[in-house]
Amino acid sequence: MKVVDNYKKAIENGDEALLKEVFAPQVRFDPPSGESSLRPADIASHVMSQVVRVAPGIKNVLTADAGSNSYLLAFEAEIEGEKLQVVDQLHLDEHERIDHLTIYMRPIAAAQKFGGAIRQRLQPATAS
């Protein structure tokens, strides 16, 4: 499915514009931290475009159609010399855009490193 292929390519390349194309106007975003939220597509695409900057070399290793407009995508990456495994669960709306994204990561130590690095990257710059 084209939207799923575009999502994979966008994650691997940090392509924020392509992510905006695949996301619905509002995306239910469930990150590993458990802080579920509804985000506008531009915010969700910005957050997800930062993944490759925190985990350079992230690669999709498996894609599966889970039925009912849902897909599972497995990625492998490395963060601070530690292997990271990620599974993104996507749900597509009636317009074939991603309206729900749930992210799972393991092992816990690598997921915690990733979480800290992405939060730091996304913090607004503060004036000194």
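This is a predicted model: local features need pLDDT of at least 70, side-chain atom pairs count only at pLDDT 80 or more; totals for chains, interfaces and linings use all residues.
**View 1. Lining of the largest pocket.** The largest pocket is lined by 24 residues. Pro-31, Pro-32, Phe-114, Gly-115 and Ile-118 lie nearest its centre. Residues are numbered from 1 along each chain as its sequence is written, and side-chain values use heavy atoms, with hydrogens and water left out. A pocket is found on a 1 Å grid over the protein atoms alone: it is an open set of points where a 1.4 Å probe fits, with protein on both sides within 12 Å along at least five of seven lines. Lining residues have an atom within 4 Å of a point.

View 2. Helix 3 (41-49), strand 5 (82-92), strand 6 (98-106) and helix 5 (108-122) each give two or more residues to the lining of the largest pocket. Helices (H or I, at least four residues) and strands (E, at least two) are DSSP runs, numbered from the N terminus. Which element gives the largest share of the lining? Helix 5 does, with eight residues. By class, the lining has 17 nonpolar, three polar and four charged residues. Here Ala, Val, Leu, Ile, Met, Phe, Trp, Tyr, Cys and Pro count as nonpolar, Asp, Glu, Lys and Arg as charged, and the others, Gly among them, as polar. The volume of this pocket is about 530 Å³. That volume is the space filled by probe spheres set on the grid points, which are joined across faces, edges and corners.

**View 3. Helix 1 from end to end.** Helix 1 covers residues 2-13. Its twelve residues should span 16 Å at 1.5 Å a residue, and the end C-alpha atoms are 16 Å apart, so the two values agree. The expected span is 1.5 Å times one less than the number of residues. Val-3, Val-4, Asn-6, Tyr-7, Lys-8, Ala-10 and Ile-11 are buried in this helix. Buried means under 20% relative accessible area, exposed over 50%, and partly exposed in between (1.4 Å probe, protein chains only). An α-helix has 3.6 residues a turn, so residues three or four places apart point the same way. Gly-14 follows helix 1 and has a positive phi, near 65°.

View 4. Is each one buried or exposed? Asn-6 counts as buried because its relative accessibility is 13%. Asn-13 counts as exposed because its value is 52%. Leaving aside neighbours within four places in sequence, Asn-6 is in contact (heavy atoms within 4.5 Å) with Leu-18 and Val-22. Asn-13 and Gln-50 are 37 residues apart in sequence, and their C-alpha atoms are 9.6 Å apart in space.

**View 5. Phe-23 in the nonpolar core.** The largest nonpolar core has 37 residues. Such a core is a set of buried Ala, Val, Leu, Ile, Met, Phe, Trp, Tyr and Cys residues joined through side-chain atoms within 4.5 Å. Tyr-7, Ile-11, Leu-19, Phe-23, Met-48, Leu-101 and Phe-114 touch the most other members. Beyond four places in sequence, Phe-23 is in contact with Tyr-7, Ala-41, Ala-44, Ser-45, Met-48, Arg-97, Ile-98 and Leu-101.

**View 6. Ser-70 and Asp-65.** Ser-70 sits in strand 4 (residues 70-79), while Asp-65 sits in strand 3. Ser-70 counts as buried because its relative accessibility is 14%. Asp-65 is exposed, at 56%. Not counting residues up to four places away in sequence, Ser-70 touches Ala-64, Asp-65, Leu-90 and His-91. By that rule, Asp-65 touches Ser-70 and Tyr-71. The C-alpha atoms of Asp-65 and Met-48 are separated by 21 Å. Those of Ser-70 and Ile-118 are separated by 26 Å.

View 7. Ser-68 lies in the loop between strand 3 (59-67) and strand 4. Its phi is positive, near 55°, in a residue other than glycine. Ser-68 counts as exposed because its relative accessibility is 69%. Glu-96 lies in the loop between strand 5 and strand 6. Glu-96 is not a glycine, yet has a positive phi of about 60°. At 45% relative accessibility, Glu-96 counts as partly exposed. Pro-107 is found in the loop between strand 6 and helix 5. The peptide bond from Arg-106 to Pro-107 is cis, with omega near -10°.
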